[in-house]
Amino acid sequence: MTTEQGVLSGTRVIDLTRTTAGLFATMIMGDLGAEVIKQEPREITPRTLGRFVTSERKVGNEDLRTIQTYRNKKSLILDIKSPQGKGVLFDLVRVSDVVIDNYRPGVMEALGLDYDSLREINPQIVSCSITGFGATGHHHKRPGFDYIAQAMTGLMTRTGEPDADPLFPGIPIVDIGTGMFAVHGILAALYARQHTGTGRRVETCLLDTALSFLYTDGVYY
């Protein structure tokens, strides 16, 4: 047993994510010692969805995947679309360090929760957005998923037999990788804040992650 605190102890993260890449990123932040406050939009949350999962994949009424990704996190049921809920969120932003979301581009702006809006409340805030295809480009407003990014970039063709169809890996590797890249960006922004005194916007997307995973294969192509 150790009493040593995590390296991010004293850092507060507001988690507005809903899918694997974002949930994985905030899980890592929690593992590093950050206080992660996970916003839940309604009473039915991933924590309560265990009743729909087969018994071998849950403990009690909780899904094992949820137990894993929600470790070291606090839950807060909050409707950020309502004036009251948004007010509570703004109060949290004033005393927090990081806000992370994985909505499609434009959603946070429409809610008044984008980086430009949040830094008016807290100039030191770091705002990280995870999307499918980035903030600009032909597909930027479309929802994105791991296997779509793998297929579009050709990453999926690097798995399987040479004469067979592309094969999807057994784990959501692009989701996980994007979560890791998000953490890298957040940590870099927090480090820069020590010198500048101000926060910044961090962006990452599934398509960029899949392209980066091609590594030298992409260069050869």
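Is Leu207 buried or exposed? Leu207 is buried: its relative accessible area is 19%, and buried means under 20%. Let's look around this predicted model and then come back to that residue.

## The whole chain

Start with the overall picture. Nine helices and eight strands make up the secondary structure of the chain. There are 221 residues, and 42% of them count as buried. The chain exposes about 12,600 Å², with carbon and sulfur atoms supplying 55% of that area.

Now consider who touches whom. Take the contacts in the chain with a separation of 6 or more: residues 24 or more positions apart account for 70% of them.

## How confident is the prediction?

The average pLDDT of the chain is 88, and 90% of the residues score at least 70. Confidence is lowest in strand E3 (residues 58–59), where the mean is 63. It is highest in strand E6, at 98.

## A closer look at helix H3

Helix H3 covers residues 83–94, which makes twelve residues. At 1.5 Å a residue, H3 should span 16 Å, and the 17 Å between its end C-alpha atoms agrees with that.

Which residues of H3 are buried? They are Gly85, Leu89, Leu92 and Val93. Seen down the axis of H3, the buried residues fall within an arc of 100°, so they line one face of the helix. Here is a handy rule to remember: an α-helix has 3.6 residues a turn, so residues three or four places apart point the same way. On the other side of H3, Pro83 and Gln84 are exposed.

Leu207 belongs to helix H8, which runs over residues 206–214. Leaving aside residues up to four places away in sequence, Leu207 touches Gly132, Phe133, Ala149, Met152 and Thr153. Leu207 and Gly144 are 63 residues apart along the chain, yet 8.4 Å separates their C-alpha atoms.

## Cysteines

How many disulfides does a search of the whole structure find? The search finds zero. As a reminder, a disulfide is a covalent bond between the sulfur atoms of two cysteines.

Cys128 is buried, with a relative accessible area of 0%. Cys205 also counts as buried, at 1% relative accessibility.

Definitions and conventions:
Residues numbered from 1 in each chain as written. Predicted model: local features only at pLDDT ≥ 70, side-chain atom pairs only at ≥ 80, totals over all residues. Heavy atoms only, no water. Helix = DSSP H or I, 4+ residues; strand = E, 2+ residues; numbered from the N terminus. Buried < 20%, exposed > 50% of the residue type's maximum accessible area, 1.4 Å probe, protein only. Contact = heavy atoms within 4.5 Å. Areas by Shrake-Rupley, 256 points an atom, 1.4 Å probe, with all protein chains shown as cover. Expected span 1.5 Å × (residues − 1). Arc of directions from axis to C-beta. pLDDT = per-residue confidence, 0-100. Disulfide = S-S within 2.5 Å.
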